[in-house]
Amino acid sequence: QVQLEQSGGGLVQAGGSLKLSCVASGSTFSHYSMGWFRQGAGEEREFVGVIGWNTGTRYADAVKGRYTISRDNSKNTVYLQMNSLQSDDTGIFYCAGRRFGSIYVTQQKLYDSWGQGTQVTVSS
């Protein structure tokens, strides 16, 4: 399994932007598809988006056009760029990894490794 360490997050005004990072160690990062999930207060953790181990991205409808996932395999890092943030985006964001997963894997139970989570708060 890969170990994941998250950074970024914080407090931002509505309409603002934030970028989250997730650094992997302990395994071959390039073999992993990397997902992002969000958990709002009192809510279940939900799929935000994923970037495949080979290529491609997929996003939840609520974030399409606002969020962008990218990866830098030379740095073992995946990023989540969030623009035009809204109060509904508030929550704890988690990165997750699945070895040789596809961009069609959106269920959290299918991911092998998880970051510690980072809080994103959008003030209106």
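Tutor: Start with R38, which sits in strand β4 (residues 32-39). Helices (H or I, at least four residues) and strands (E, at least two) are DSSP runs, numbered from the N terminus. This is a predicted model: local features need pLDDT of at least 70, side-chain atom pairs count only at pLDDT 80 or more, and totals for chains, interfaces and linings use all residues. Residues are numbered from 1 along each chain as its sequence is written, and side-chain values use heavy atoms, with hydrogens and water left out.

Student: Is R38 buried or exposed?

Tutor: Buried means under 20% relative accessible area, exposed over 50%, partly exposed in between (1.4 Å probe, protein chains only). R38 has 8% relative accessibility, so R38 counts as buried.

Student: Which side chain makes a polar contact with the side chain of R38?

Tutor: A polar contact is a pair of N or O atoms within 3.5 Å; within protein, one must be able to donate a hydrogen and the other to accept it, and residues adjacent in sequence count only if both atoms are side-chain atoms. For R38 the partner is the side chain of E43, at 3.2 Å. A polar atom of the R38 side chain also lies 3.4 Å from the backbone oxygen of D88.

Student: What is the order of strands in the open sheet?

Tutor: Two strands pair if DSSP finds at least two bridges between them. The four strands run β1-β3-β8-β7, with antiparallel pairing. β1 (3-7) and β7 (67-72) are the edge strands, each pairing on one side only. β7 and β8 (residues 77-82) pair over six bridges. I69 has L80 in β8 as its bridge partner.
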